[in-house]
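Welcome! Here is a short tour of one protein model, taken a few residues at a time. Have a look at the sequence and the structure before reading on.

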Amino acid sequence: MSTRYVLGLGGTVDYEIDWDPGTLERLAAEWGLRADELDARIPVLSERDLLRSLLGFVRDGAGGERFVASSEIVEAFARRFSSRVTLGGTCVRAAIAMDRVRGLPALVHLVSIDDDVRRLLPASTTYLCSADRDTTDPHLIVQYPAGSAVRVAGVEVVAARPNRLIYVNDPPNRELVLHPALGDACASADVVLVSGFNVIQERDTLDARLATLAADLDRVPPGGFVYFEDAGYHLPALREPVRDVLAPRVDVWAVNEDELQEWTGRAVDLLDAADVAKALEELHAAVPARTLVVHTQHWALAVGAGAAGLRTALRGGIDMASTRYVHGDAFTRDDYVATAARTPGAAGTRFAREVEALAADVACEPAYVLDVPRPTTIGLGDTFVGGFLAALAAP
C-alpha cells in the first residue's frame, strides 16, 4: 500500500524578485537612505522601511521573515524589479519535491487559493482549502548572493554569504482557518506534516487553531508519523503555546540553525561538536518532543528516542535540499540522483562522527560542500522536509 501523506497547513503565492543592485542603489538614493539607518528588525510600514530592513539583512549576511503593514507594499516593491510567480509554504514545496523526485502524491491543506495555485500545483497533488473565495496576498522573496555590493550613501553593503528574505502580509495564513475535513484526512494518514503557526498574531486565534489541530492529530492512526517544522515567529512570544500543545503530539520537532539559536538563546558554533551537543541538551529542555531534528548547511541530525531510525530520512532531506540549492526551482529526478552521488564535505563528516560520539541517541548525516555561482537559497528548509518525508516511504 502506498504511503498516505497529509501536508499542512498553508501555502503561499510567492513573488521572487531578481537580485538587482542597481535598482536597490537607485531606490536608496531616491528615498534618502543612510547607511546608519539599515536595520533588519524595524517594523515595515512602507517601501522605504522594507528597503532599510532588506539591506540590514544583507549587511548582516542573515536570512529571515518579516511582517509588512500591507500587501500593497509588497506588490509595489515587487513591481520595481523583474520577478516570477512561484508557490511557497512548507507543505506545498514539500509536496512539489516529493512529486518531482519520487512521484509521491500528497493531500495538502491550504488556507487560500487562486488561479496561480491551481496552475502550479503538481497534477498528483490534491488539496483541502478552507477559503470560501479566491484571494492573492503575495509573499515577497528576495534571494541575494555573497559578495554583491550595494552602495548606500557612499557606503558599500556587502553580504558575506548568500541568503533569502521573506516579506509578507497574508491574512489567510495569519488566520489559519482549518478545513472541517482535516481531521478525517488525519484519521487515514500515514504521515502528517504540520507547519505555519508562526505568522499568527492573535493569542485567541492561536489557541483556537491549536485546539482544533490537537483534536485532529489525536485521530492519526497508531503507527502514523507526525512531523512539525518550526519557523521564525512574527511574534516570538507565541512559540511557547505552540510548543506546549504540539510537542507531546509529534514524532519529530524540526528546526533549522536559526531556530536552534532562538530556542537556546545563544549563538551556536555549528562545526563544534561539543557546543552543538550542549545546544541539543538546551533545545530538548526548551522543547521536550520525542525526537528533535536540526537541519543546517553543514549537517542534519536527529536526537531522541526515534533518532536511530531516521538516518535515511535525514539523508533524503539533505539530498533534496542540496539539489534545489544547485539547480533551483526546475530541478529534476536526474539532478537529484546526481546530487545524492556526491561525497559529503570533510568538515561535516568529521562533525557527524564527533557529535555522535559525544551525545546520546544522535544520528547525524553530513551535508555536501556546494560551490555554485548563483545558488538557490529560497525554500531549502521546505525542500528538506519533502526529501525527509519522501524517504519515509522508501522500501
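Is Asp-190 buried, partly exposed or exposed? With a relative accessibility of 22%, Asp-190 counts as partly exposed, because the buried class covers values under 20% and the exposed class values over 50%. Please keep in mind that this is a predicted model.

Another loop comes into view here. Pro-221 is found between helix H8 (203-217) and strand S12 (225-229). The C-alpha atoms of Pro-221 and Asp-190 are separated by 7.5 Å, although the two residues are 31 apart along the chain. Leaving aside residues up to four places away in sequence, Pro-221 touches Cys-186, Ala-187 and Ala-189. Its relative accessible area is 24%, so Pro-221 is partly exposed.

How many salt bridges does the structure hold? There are 29 of them. As a general point, side chains of opposite charge can pair when their charged atoms come close.

One of these pairs is Arg-34 with Glu-37, where the closest N and O atoms are 3.9 Å apart. The two partners fall into separate accessibility classes: Arg-34 is partly exposed, with a relative accessible area of 46%, whereas Glu-37 is buried, at 12%. Arg-151 and Glu-156 also meet in a salt bridge, with an N to O distance of 3.3 Å. Here Arg-151 is partly exposed at 40%, and Glu-156 is partly exposed at 48%. Elsewhere, salt bridges that share partners link Arg-311, Arg-315, Asp-319, Glu-356 and Glu-365 into one network.

## A buried aspartate

Next, turn to Asp-382, which lies in helix H15 (residues 380-391). Is Asp-382 buried or exposed? Its relative accessibility is 14%, so Asp-382 counts as buried, since the cut-off for that class is under 20%.

The side chain of Asp-382 makes a polar contact with the side chain of Arg-93, at 3.1 Å. Arg-93 is also among the residues that Asp-382 touches, together with Gly-89, Thr-90 and Ala-94, when residues up to four places away in sequence are not counted.

## The second largest pocket

Empty space is the last stop. Rolling a probe the size of a water molecule over the atoms shows where such space is left. The second largest pocket has a volume of about 290 Å³. Which residues of its lining are the closest to its centre? Of the 17 residues that line this pocket, they are Arg-84, Gln-143, Pro-375, Thr-376 and Ile-378.

Sorted by type, the lining of the second largest pocket has 7 nonpolar, 4 polar and 6 charged residues.

Terms used
Residues are numbered from 1 along each chain as its sequence is written. This is a predicted model: local features need pLDDT of at least 70, side-chain atom pairs count only at pLDDT 80 or more; totals for chains, interfaces and linings use all residues. Side-chain values use heavy atoms; hydrogens and water are left out. On a 1 Å grid over the protein atoms alone, a cavity is a set of points where a 1.4 Å probe fits but cannot get out, and a pocket is an open set with protein on both sides within 12 Å along at least five of seven lines; lining residues have an atom within 4 Å of a point. Grid points are joined across faces, edges and corners, and a volume is the space filled by probe spheres set on the points. Ala, Val, Leu, Ile, Met, Phe, Trp, Tyr, Cys and Pro count as nonpolar, Asp, Glu, Lys and Arg as charged, and the others, Gly among them, as polar. Helices (H or I, at least four residues) and strands (E, at least two) are DSSP runs, numbered from the N terminus. Buried means under 20% relative accessible area, exposed over 50%, partly exposed in between (1.4 Å probe, protein chains only). A polar contact is a pair of N or O atoms within 3.5 Å; within protein, one must be able to donate a hydrogen and the other to accept it, and residues adjacent in sequence count only if both atoms are side-chain atoms. Contact means heavy atoms within 4.5 Å. A salt bridge is a side-chain nitrogen of Lys or Arg within 4 Å of a carboxyl oxygen of Asp or Glu.
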